[in-house]
Amino acid sequence: MSATTPETSIPEQLAEIVDDFQALEEAERLELLLEFSQSLPDLPAEIADRPELMEQVVECQSPVFLSLDVDDSPEHLVSLFFKAPREAPTTRGFASVLYEGLNGLPAAQILAVPADVPDRLGLTRAITPLRMRGMSAMLGRIKRRLAEHEKLAQP
């Protein structure tokens, strides 16, 4: 793969998830998304007890909230937190894909993720455009919050 291909800006753990989706038939992709929905971790108590730390992703059909924490290391490692109802498995699945694909990575790596990653999962015919926009909005909010943090962190 050449250094100029868009895939180079997708972190390895997220690229593996995209590859997993792409390796499946379209109907099986939806099943994989539902499997991801079951693995989204609950919020830690320090976040769950402070709802003001959560930002609602209003573009999502279901009430989904996200928060992130950036550590003080030179890499600015990012911890992601999502809250999505269990009765909204598509939304939870998207949140879980982003969690598993981005959590723990350096901020710069997440900021470089292409905006079309949700489309690369190959779900555009199985999921409504409104739901696809919800996942794109989750990624966009993460990147916006990180960009704001990076501006504040600069001397």
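Which residue in strand 3 does D69 stand opposite? After that, kindly give an account of helix 2 and what it touches.

Author: D69 stands opposite S79 in strand 3. The model is predicted: local features need pLDDT of at least 70 and side-chain atom pairs pLDDT 80 or more, whereas totals for chains, interfaces and linings use all residues. Residues are numbered from 1 along each chain as its sequence is written, and side-chain values use heavy atoms, without hydrogens and water.

The pair of D69 and S79 belongs to an open sheet of three strands, arranged in the order 1-2-3 with antiparallel pairing. Strands pair if DSSP finds at least two bridges between them. Strand 2, residues 65-70, is joined to strand 3 by six bridges, and the two run antiparallel. Another pairing with strand 3 sets L66 against its bridge partner F82. On the other flank, strand 1 and strand 2 also pair in the antiparallel sense, over two bridges; there Q56 has F65 of strand 2 as its bridge partner. Strand 1 (55-56) and strand 3 (78-83) are the edges of the sheet, each having a single partner strand, so one side of each is left without a neighbour in the sheet.

The loop between strand 2 and strand 3 holds H76. Its phi is near 55 degrees, a positive value in a residue other than glycine. Most residues other than glycine have a negative phi. H76 is partly exposed, with a relative accessible area of 22%; buried means under 20% relative accessible area and exposed over 50%, with partly exposed in between (1.4 Å probe, protein chains only).

The account now turns to helix 2. This helix spans residues 26-38; helices (H or I, at least four residues) and strands (E, at least two) are DSSP runs numbered from the N terminus. The buried residues of helix 2 are R29, L32, L33, F36 and S37. Seen down the helix axis, these buried residues fall within an arc of 150 degrees, so they line one face of helix 2; the arc is taken from the directions between the axis and the C-beta atoms. The face turned away from this buried side carries A27, E31, E35 and Q38, which are exposed. An α-helix has 3.6 residues a turn, so residues three or four places apart point the same way.

Which helices are included in what covers the buried residues of helix 2? The cover includes helix 1 (12-22) and helix 4.

The axes of helix 1 and helix 2 come within 9 Å and cross at roughly 140 degrees. Helix 1 and helix 2 are therefore oblique to each other; under 35 degrees counts as roughly parallel, over 145 as roughly antiparallel, 65 to 115 as roughly perpendicular and the rest as oblique. From helix 1 the contact (heavy atoms within 4.5 Å) involves I17, D20, F21 and Q22, and from helix 2 it involves R29, L32, L33 and F36.

Helix 1 likewise has a buried side. Its buried residues are L14, I17, V18 and F21. These cover an arc of only 100 degrees around the axis, which puts them on the same side of helix 1. They pack against helix 2, helix 4 and helix 6 (117-120). On the other side of helix 1, E12 and D19 are exposed.

Helix 4, residues 89-102, brings its axis within 7 Å of that of helix 2, crossing at roughly 75 degrees. The pair of helix 2 and helix 4 is therefore roughly perpendicular. Helix 2 contributes L33, L34, F36 and S37 to this contact, while helix 4 contributes P89, T90, R92, G93, F94, S96, V97 and E100. One of these, T90, lies in helix 4 and counts as buried at 12% relative accessibility. Leaving aside neighbours within four places in sequence, T90 is in contact with L33, I127 and R131.

At 59% relative accessibility, D42 counts as exposed. The C-alpha atoms of D42 and L146 are separated by 22 Å, the two residues being 104 residues apart along the chain.

To return to the part requested, L33 and F36 of helix 2 are buried.

Technical notes
Axes are lines fitted to C-alpha atoms, for helices over the stretch in contact, and angles run from 0 to 180 degrees between N-to-C directions.
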